[in-house]
Amino acid sequence: MRVRFAPSPTGALHIGGVRTALYNYLFARKNKGKFILRIEDTDQGRFVPGAEAYINETFQWLGIEPDEGINYGGAFAPYKQSERKELYKTYAQQLIDEGKAYYAFDTPEELDAMRERLKEAKADNQVYDSLSRQSMRNSLTLSQSEVKDLIGKNAPYVIRLKVDRDQEVSLTDMIRGEVKVSSNNIDDKVLMKSDGMPTYHLANVIDDHLMKISHVIRGEEWLPSAPLHVLLYQNFGWVDTMPQFAHLPLLLKPDGNGKLSKRDADKHGYPVFPLDWTDPNTGEKSMGFREQGYLPEAMTNFLAMLGWNPGTEQELFTRTELVEHFSIERINKSGAKFDIEKGKWFNQQYLKNVSDETLATGYLALLDKENIGCTQDKAIAICGLMKERVTFPQEIWANGKYFFIQPEAYDEKVVQKKWDDEAKTIFSDYVNVLKTTDTLTSEIALSLLNTVLERHGVGIGKVMQMLRVVITGVAGGPDLMGIIAVLGKNEVISRLEIALKTIK
Ligand code: GLU
């Protein structure tokens, strides 16, 4: 089994494309097949520098490793279509020689006029096809000598597929089942453009054939092109080895209303690209999941579940498990809601399992940017305290600034409810006992607090929240005794004393 991911480098790879790549990869691994990365860069007008590097970096981030392809080599190289130009010409010529394709010399104006005519005549299809071609300037209507003459004079031309009328074109899609189309609804698609480059359709089919692709797994937006591709396989005489098709369901907006779009995502503040990207032509910036703090394992798991289901309640899958369970049969037909909240949930699940040491490395780098000094041990302790309470690694800093900065304000609601004379006496007693200890672990901090509370005959529940607000300024957070231990004796005493002086 051989599958391929065949992106066109026309900008940042969309997250839907990443899912397509992932499904191809999982399918190949599951079936001990090969996964090929091919770059379809024949549309010179849409080429965007950096887009190819972006794909490679995305694959590296997510651990999607091709077996063959650009940068990986393989028996079917080159894997970049612009380096295979000559080959497509030969195949187009073959179709011409066999009368299955033809030259068309029509100018853009003539094509416009044709469409106008068809529109006025209220024709069903306003396209270049078996009917309209008869009144156009092509090698089917012109004499042989006229054609020769035009080509000799370097007149611009395209090569079109000659699609015959009244044929039924059918294919069996592995996800959608039988697809049937009348050839009357397929136009004479351009195969070779006037710049000598093949169109997507021609190059794609030739390469899938030559690279011995067994399964074409791609987005649903290509389903309308599939019958044309089947026609091409028929015309080349490659039907016996034609790949099987599987068209993946669309990714929908989180509310299910329409296609997932960058505009909608921007509006709601979530990314639709794997990595940050700046468009080199427009300067427009797009945010990436990686930079937003999504972990590659979480992203992989999230994407795998967008359109595929294991048939059980299990949601968390390691990569090995995904490979083991993945099958095309369990891909859904209907569009998949891009439930970003679910994506965050996945991230949380994976973040919890990252070691404190690993998180501390990123955390220290972040602190460094803020010019905050911190020891490795302290960073590890903070990450350990915070990681279960955050969705993204950067929130360890953002939600826990109090580990380094004294509170500038205190949660008002708590102060109003809990700051009274009794609390003040307890906290000043707590300061006194804290002063007597040499080391302050979370256990010692708690037992000293209990001693004070016993003396006053007050339960711990009564002061805990106020103590948290005194120490951190805010009402929520990880284990308070853990925070106190990280802050250390002097800092805790100082915060208590400041609170006693400033809170009215
Ligand atoms: N180059 C096409 C794309 O950009 C490939 C579609 C296909 O997989 O056939 O998505």
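V458 lies in the loop that connects α17 (442-456) with α18 (460-472), where helices (H or I, at least four residues) and strands (E, at least two) are DSSP runs numbered from the N terminus. The structure is a predicted model, in which local features need pLDDT of at least 70 and side-chain atom pairs count only at pLDDT 80 or more, while totals for chains, interfaces and linings use all residues. Residues are numbered from 1 along each chain as its sequence is written, and side-chain values use heavy atoms, with hydrogens and water left out.

V458 counts as buried because its relative accessibility is 12%; buried means under 20% relative accessible area, exposed over 50%, and partly exposed in between (1.4 Å probe, protein chains only). Leaving aside residues up to four places away in sequence, V458 touches E422, I426, L453 and V463, a contact being heavy atoms within 4.5 Å.

The protein chain contains 20 helices and 14 strands. Of its 504 residues, 49% count as buried. Among contacts between residues at least 6 apart in sequence, 71% join residues at least 24 apart.

The radius of gyration of the protein chain is 32 Å, whereas a compact globule of 504 residues would have one near 23 Å; the radius is taken over C-alpha atoms, and the globule rule is 2.2 Å times the number of residues to the power 0.38. Along the principal axes, the C-alpha atoms of the protein chain fill a box of roughly 110 × 45 × 35 Å.
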